[in-house]
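Open the model in your viewer and keep the selection panel at hand. The tour goes from one selection to the next.

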Amino acid sequence: DYKGLTVESADGDFKFNVGGRIQIDANFADEDQTRLGSGAEIRRARLKVEGTMWKIWGYKFQMDFGEEETEIKDAYIKFKGLKPVTFTLGQQKLPFTLQSWTSNNWQVFQERALLNSFIEDDAIGRRRLGLKISTHGNNWTALAGLFGEGADHGGQFNESWAPMGRVTFAPIAKATRVLHLGAGAYYRHYEHDPELVFSAHPEAHIVPNLVSTGVISETEDALLLGGELSTVWGPFHAQGEYLHVKVGRKNSLPEPNFNGWYVQTGYFLTGESRNYEPAKGRYGRIIPQRIVSQGGWGAWELAFRYSTIDLEDNGILGGVESNFTAGLNWYATPSVMFRANYIHAETNPSSIAAGVGIAEDINIYTVRGQIVF
Amino acid sequence: DYKGLTVESADGDFKFNVGGRIQIDANFADEDQTRLGSGAEIRRARLKVEGTMWKIWGYKFQMDFGEEETEIKDAYIKFKGLKPVTFTLGQQKLPFTLQSWTSNNWQVFQERALLNSFIEDDAIGRRRLGLKISTHGNNWTALAGLFGEGADHGGQFNESWAPMGRVTFAPIAKATRVLHLGAGAYYRHYEHDPELVFSAHPEAHIVPNLVSTGVISETEDALLLGGELSTVWGPFHAQGEYLHVKVGRKNSLPEPNFNGWYVQTGYFLTGESRNYEPAKGRYGRIIPQRIVSQGGWGAWELAFRYSTIDLEDNGILGGVESNFTAGLNWYATPSVMFRANYIHAETNPSSIAAGVGIAEDINIYTVRGQIVF
Amino acid sequence: DYKGLTVESADGDFKFNVGGRIQIDANFADEDQTRLGSGAEIRRARLKVEGTMWKIWGYKFQMDFGEEETEIKDAYIKFKGLKPVTFTLGQQKLPFTLQSWTSNNWQVFQERALLNSFIEDDAIGRRRLGLKISTHGNNWTALAGLFGEGADHGGQFNESWAPMGRVTFAPIAKATRVLHLGAGAYYRHYEHDPELVFSAHPEAHIVPNLVSTGVISETEDALLLGGELSTVWGPFHAQGEYLHVKVGRKNSLPEPNFNGWYVQTGYFLTGESRNYEPAKGRYGRIIPQRIVSQGGWGAWELAFRYSTIDLEDNGILGGVESNFTAGLNWYATPSVMFRANYIHAETNPSSIAAGVGIAEDINIYTVRGQIVF
């Protein structure tokens with residue numbers, strides 16, 4: 001089928017899958033004060049192998065070769081012997097915030113909203129080594145995990161640790177009607193000063209950070225609290241998330257609080273609905289009603305987002321940024337998507353910490369071709 | 001079969017293939033003026049996944065781990081819905097010159113002729129991000145593409161752009177009789193000075209460059225024009241190509257013209273013919289008449305090449321090099337090949353720009369073991 | 001089955017396998033004089049493709065992405081047309097010492113004994129480019145090879161060369177009764193001074209080297225001689241190895257001799273026997289009698305090791321280290337293993353060459369989760 005290569009034993013106890021994704025992007029920036037530049041890149045080029053052995057032992061191994069880097073995305077062992085409870089040990093994505101937990105393949109926009117940069121931060125982490133315990137019902141999920149640092153921080157002295165939890169509940173969870181509520185908490189404690197910096201791209205990967213806290217010295221811990229709300233109503237869908245970040249520091253240094261939020265909405269002109277996965281508490285693959293190679297025109301989706309991040313508090317002058325995005329997605333088949341985004345980004349001011357401190361008012365145009373196999 | 005692992009759906013609309021290649025090389029240089037050194041290396045170690053979904057959507061993802069580097073070779077999406085026209089979007093090889101477009105697996109010699117270094121140049125590019133439109137008949141091909149920079153130049157300010165086109169025509173295109181004519185043009189325009197340098201190895205990968213232009217400052221654009229001629233006459237084959245390069249510079253700086261050409265010939269002692277692919281305008285896999293594991297001795301091929309590159313013009317003193325190569329190829333099976341090459345290289349003088357400026361007269365011996373799966 | 005994905009042609013002449021391994025480790029060090037630190041890492045994350053074509057031509061291509069590096073482990077061509085003699089050309093593991101030749105998947109302890117650091121040394125090499133000829137009988141193996149430098153030393157001036165040989169004999173070679181004897185020799189000659197340094201981790205990968213010779217200048221060659229003894233007696237097994245290293249130097253510099261040895265023993269509480277492979281002269285996969293997903297508790301193994309390395313001789317003050325290890329292995333299925341090790345390491349003194357020169361007395365705790373597919 002369209003999910004790469006899948007082989008299964010007759011009794012279904014053994015499964016093996018090889019798959020991957022390719023995302024080819026171009027960004028064009030209409031700059032204001034700062035030189036921004038344009039460019040094209042392979043945003044993601046991933047290969048994965050996953051499988052199940054003796055029914056209850058799973059694994060996933062996923063590499064990303066995009067962005068001129070070689071990175072282990074997933075390398076974990078899964079134990080599914082106590083259903084519906086599963087244990088996941090190894091390098092994995094932390095299921096924190098709805099947009100982060102939803103695959104980048106099935107995001108509504110080219111890049112996740114600004115607040116994702118809190119999680120993606122090198123000292124916080126979206127993918128880490130650890131143990132996760134998760135369970136779910138028909139319309140709810142609950143999980144907790146304990147995570148160390150990432151596979152890219154291996155070796156000596158990677159001693160920070162982080163408990164993380166998330167619960168989701170969907171009072172409505174039908175194919176074309178969804179109401180999703182979620183909340184998550186993620187705490188990280190540092191044994192060594194992580195030289196914490198929060199900064200954000202204006203939702204275009206090639207364009208550099210416009211807001212940045214600079215190094216927040218003597219950081220001891222960080223607490224992230226998030227709230228999620230999302231709905232599907234036939235071809236219409238809407239979603240909003242809020243993230244609050246509290247940084248703890250040593251020696252009575254002032255402790256800043258930051259936050260970010262976004263609201264987005266979308267509409268399938270061709271009648272599809274966004275695909276909610278209640279047992280995972282996230283969205284999945286869009287299946288067009290009529291695909292291009294079978295006489296149809298695929299699925300077309302219009303979407304809008306307003307997104308903001310505030311990196312100014314208690315003496316940290318990291319800047320405030322607000323972005324408005326309009327997007328058009330074309331799902332030619334369940335595996336092939338093309339996208340165009342227009343982003344209007346304003347900073348007021350941009351980061352003073354980073355030595356800039358000027359208000360920016362820029363326009364960015366991004367396009368993507370994507371195939372998932 | 002021998003093409004790695006191929007899985008196909010019953011209706012043929014879905015295909016999936018995993019394959020790769022391993023090339024193990026050793027080079028021994030008999031030096032003259034400059035310290036050259038010898039050594040062994042994994043020249044190429046590639047893994048690829050390619051496939052077709054819903055009949056008209058194709059993809060290819062190929063990584064190379066050889067030469068101590070990790071590189072994306074191909075990462076593209078292909079649309080085959082308007083046959084014989086196909087669209088290829090992403091990181092891909094530019095079909096420019098016959099020897100470059102022919103896979104390194106099925107080259108007659110260990111390394112491509114000197115003129116290939118014009119295309120392989122970091123600022124020009126044999127593999128780039130872009131969109132290619134190609135079509136073909138029974139004995140002709142035509143294609144045009146627009147390319148940016150490569151996947152290894154991702155990010156900000158990779159803003160050079162390049163249209164490229166190639167046409168081929170084969171008045172004779174039978175299994176054992178071929179006459180191929182081809183012409184191509186490749187233009188690249190730079191938004192930022194690329195610090196262009198043309199330089200060439202003496203057709204042995206481990207041996208360092210003997211000729212080099214040094215940095216050609218303030219380069220604005222480059223135009224490459226190539227002509228191809230190739231023939232197969234039973235077990236005999238011959239081929240020649242010429243490449244002309246014109247560099248445009250800013251501020252009335254002198255604009256140099258460079259060129260290179262080669263002629264080569266080969267003969268299958270065991271009676272095979274070189275395998276021409278008319279719909280692609282290039283050569284493919286050699287199938288021995290009697291393979292080694294089935295009582296035969298595989299295919300044996302003797303070959304000779306004369307190749308030259310001229311990097312001296314208009315104040316640029318990059319040197320002139322001429323190489324003579326004699327080669328013996330043994331195709332034990334369609335997948336396994338062993339090769340030995342003797343290269344006599346002369347420079348007259350070698351690069352003055354690179355601060356050498358002495359005539360070299362060297363002998364190089366190279367061997368390879370190759371498996372393609 | 002549980003060996004990744006295997007596809008075979010009807011006549012068995014063509015085989016193709018995709019597989020891999022993931023090892024997730026954590027180390028906790030209870031330090032003495034030196035700051036040691038703790039941490040978690042992906043010890044190994046490997047993907048491999050191997051196969052056979054036309055019955056007698058084999059290949060293996062294995063990448064490791066663990067430890068934040070991308071490394072070619074194997075990239076070779078195998079000729080099996082003169083059974084039982086096989087030829088292996090390319091990047092491969094040198095079959096030197098029993099514990100090194102036994103896969104890291106099926107080691108009794110988390111890390112190989114201290115003496116392995118002689119072979120793993122950057123200037124010696126456990127995996128190198130070369131040609132190996134091997135043969136075997138029912139209860140013996142013999143092989144010889146000639147190796148250059150590794151795939152990670154590619155290019156110019158990688159000109160050291162090394163003959164290597166090993167013989168093994170098993171007077172008893174039954175499923176539950178084994179007596180194995182082995183001997184090997186490995187000589188390496190350097191064309192250029194390799195800046196040879198011998199150093200060793202205390203059998204915990206994240207913990208830094210405690211003993212080190214520092215650079216042994218003007219090294220001309222090195223000779224390694226090893227002896228092996230191993231036995232299986234039902235659920236009980238025992239093994240010991242000794243390795244002697246002689247360094248040759250130029251200009252009448254003093255030539256040091258180093259050595260290391262270990263003895264280890266283990267017992268399967270659940271009755272399994274260690275799996276000896278007489279045709280390969282090493283140990284393989286443990287198959288638990290009753291696996292976890294089928295009502296059993298897997299295989300449980302208790303093991304102990306004493307290991308030492310002496311890097312002091314003839315003016316080289318590299319230190320002496322002795323480790324005692326106690327280990328518990330749980331093989332939940334033939335593919336999934338969890339392990340805990342306790343290591344007590346003493347140095348007396350630690351390396352003076354490395355500028356330390358103090359006696360260390362430390363405790364280390366290590367754990368691993370492993371899946372092999």
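How many salt bridges does the rule find across the interface of chain A and chain B? The rule finds zero, where a salt bridge is a side-chain nitrogen of Lys or Arg within 4 Å of a carboxyl oxygen of Asp or Glu.

Before going on, note how to read the model. This is a predicted model, in which local features need pLDDT of at least 70, side-chain atom pairs count only at pLDDT 80 or more, and totals for chains, interfaces and linings use all residues. Residues are numbered from 1 along each chain as its sequence is written, chains are lettered from A and ligands numbered from 1 in the order in which they are written, and side-chain values use heavy atoms, with hydrogens and water left out.

**Stop 1: chains A and B**

Select chain A and chain B. The contact takes 39 residues from chain A and 34 residues from chain B; contact means heavy atoms within 4.5 Å. The area buried between the two chains is about 2900 Å², and carbon and sulfur atoms give 80% of it. Buried area is the accessible area (1.4 Å probe) that two parts lose on being put together, summed over both.

Across this interface of chain A and chain B, one residue pair is in polar contact, with both residues at pLDDT 80 or more. A polar contact is a pair of N or O atoms within 3.5 Å; within protein, one must be able to donate a hydrogen and the other to accept it, and residues adjacent in sequence count only if both atoms are side-chain atoms.

Now colour the strands β2 (15–30), β3, β20 (336–347) and β21 (360–372) of chain A: each supplies at least two residues of the side that touches chain B. Strands (E, at least two residues) are DSSP runs, numbered from the N terminus. β3(A) gives the most to this side of chain A, with seven residues.

By class, the side of chain A that touches chain B has 22 nonpolar, 12 polar and five charged residues. Ala, Val, Leu, Ile, Met, Phe, Trp, Tyr, Cys and Pro count as nonpolar, Asp, Glu, Lys and Arg as charged, and the others, Gly among them, as polar.

**Stop 2: chains A and C**

Switch to chain A and chain C. Here the contact takes 34 residues from chain A and 39 residues from chain C. The buried area is about 2900 Å², with 79% from carbon and sulfur atoms.

Which strand gives the largest share of the side of chain A that touches chain C? That is β4(A), with six residues. Only 9% of the interface residues of chain A are also interface residues in chain C, so the copies meet through different surfaces.

**Stop 3: the axis**

How values were computed. Helix = DSSP H or I, 4+ residues; strand = E, 2+ residues; numbered from the N terminus.
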